[in-house]
Amino acid sequence: MRDAAARWSRSTLLFLSRQRWLKDQATRVRSLRQLSRRFVAGETREEALAAVRRLNARGLWASFDHLNETVRDAEETREEVREYLRLLEDIDRTGARANVSLKLTQCGLLLDPALALENARAVVAEARARGSFVRVDMEHGAVTQATLDIVRQLHAEHGESHVGAVLQSCLRRTEADARALCAERVRIRLCKGAYLEGPDIAFPDKPDVDACFVRCMRVLLDSGVYHGIATHDERMLEATLEHAERRHLPRDAFELQMLHGIREDLQRQLVDQGYRVRIYVPYGRHWYPYLMRRMAERPANLAFVLRHLARGRARSRE
């Protein structure tokens, strides 16, 4: 009964994350804006750069992510590209220990896959010119294949040092994808996934998601390619570090990745043990969908979110 309630709460929060009509309302609710600052580095590139400087000072690496999943036209996608080009310039200029993460919906994937490829190609080409790296994020299951097709194209053009993919262990297809991409030497970030998916394409139960994560992690660490294992789950971390030790992998053969504002105690512990830890640093005005996905990781947050959304809607009618 409790597990069913938790699944319902998580599904509700993920459903809310996709409702565009709530986005503008939510950004006017002070309590939600304040909560977002735990997970989001700020609304401007300058705020995100300051956050990354603080992370670097603590021995952590970073990956910038400019939040905007709801681009409306080709010009808006090009503005996203310009933002990423400025980010790569800032990383180069400041010597920040960081790369960038890019969503293909920002590049126009839902408008025109050819436009998305053109825009993503411009970002990866700039990263290559500056000796940097672009992680192409994975989004909802409807765009998984299109995303991997574009990653493969960019990888063929620019190589493993400058572009990589993300795989989500919640998806039934992911183990096969992991094996295929490793054979092609595509660098992967492995995570559990934070999107609402149907049981036809995703595992509905957490034990199955975890089991897939462990199987895929072993595929990645055994591949000889530099990958990122992204989790805050201490059981998944323990399984990762135990497998690396059994395989006698040096601690710089892979990296561990976590989210901004989550488990800073664990981040410090892993850095002290000599592991490279990279923090995913989102920023921007369009923080609402990202915040809802973070809230969904702890379904008890549903009541809090609904209460404050209701208050914000009531105020807007006054």
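Modeller: Before we start, helices here are DSSP runs of H or I with at least four residues, strands are runs of E with at least two, and both are numbered from the N terminus. Please also keep in mind that this is a predicted model.

Biologist: Fine. How many helices and strands are in the protein chain?

Modeller: The protein chain has 13 helices and eight strands. The eight strands form a closed barrel in the order E1-E2-E3-E4-E5-E6-E7-E8, with parallel pairing, and from one strand to the next the twist averages 30°.

Biologist: Which helices lie across E5 and E2?

Modeller: Helix H9, residues 206–221, lies across E5 and E6 and runs at about 160° to E5. Helix H5, residues 74–94, lies across strands E1, E2 and E8, and its angle to E2 is about 170°.

Biologist: What does Thr 77 touch, not counting residues up to four places away?

Modeller: Thr 77 lies in helix H5, and it is buried, with a relative accessible area of 0%. Leaving aside residues up to four places away in sequence, Thr 77 touches Val 71, Gln 106, Cys 107, Gly 108, Leu 111, Leu 115 and Asn 119.

Biologist: Let's go to E4. How many residues of that strand are buried?

Modeller: Six of the six residues of E4, which spans residues 163–168, are buried, so the strand is largely enclosed by the rest of the structure. In a regular strand, side chains alternate between the two faces of the sheet. In E4, Val 163, Ala 165 and Leu 167 point one way while Gly 164, Val 166 and Gln 168 point the other way, and all are buried.

Biologist: And what stands opposite Gly 164 in E4?

Modeller: That is Arg 135. Strand E3, residues 134–136, runs parallel to E4, and two bridges join them.

Biologist: Then which residues have the most contacts inside the largest nonpolar core?

Modeller: They are Phe 64, Val 100, Val 134, Ile 229, Leu 256 and Leu 270, in a core of 77 residues. H9 gives the largest share of this core, with nine residues. There is also a second, separate core of 11 residues, including Leu 259, Ile 262, Trp 287 and Tyr 290.

Biologist: You listed Ile 229. What stands opposite it in E6?

Modeller: Leu 190 stands opposite Ile 229; strands E5, residues 187–191, and E6, residues 228–230, run parallel and are joined by two bridges.

Biologist: Changing topic, how many aromatic pairs does the count come to?

Modeller: The count comes to one aromatic pair. The pair is made by Phe 254 and Tyr 275 and is tilted, with 6.2 Å centre to centre and 45° between the planes. Phe 254 lies in the loop between H10 and E7 and Tyr 275 in the loop between H11 and E8, so the pair ties together parts that are 21 residues apart in sequence. Phe 254 is buried at a relative accessible area of 2%, and Tyr 275 counts as buried at 10%.

Biologist: Which ring does the charged end of Arg 187 sit over?

Modeller: The charged end of Arg 187 sits over the ring of Phe 133, at 4.0 Å from its centre. Arg 97, in turn, lies over the face of Trp 61, 5.8 Å from the ring centre.

Biologist: Last one: where is His 248 placed?

Modeller: His 248 is in the loop between H10 and E7 and counts as exposed, at 70% relative accessibility. Most residues other than glycine have a negative phi. His 248 has a positive phi of about 55°, although it is not a glycine. Arg 185 likewise has a positive phi, near 60°; it lies in the loop between H8 and E5 and counts as partly exposed at 36% relative accessibility.

Methods: Residues numbered from 1 in each chain as written. Predicted model: local features only at pLDDT ≥ 70, side-chain atom pairs only at ≥ 80, totals over all residues. Heavy atoms only, no water. Pairing = 2+ DSSP bridges. Axes fitted to C-alpha atoms, helices over the stretch in contact; angles between N-to-C directions. Contact = heavy atoms within 4.5 Å. Phe/Tyr/Trp six-rings, centres within 6.5 Å; stacked < 30°, edge-to-face > 60°. Buried < 20%, exposed > 50% of the residue type's maximum accessible area, 1.4 Å probe, protein only. Lys NZ or Arg CZ within 6 Å of the ring centre and 35° of its normal. Core = buried A, V, L, I, M, F, W, Y, C linked by side-chain atoms within 4.5 Å.
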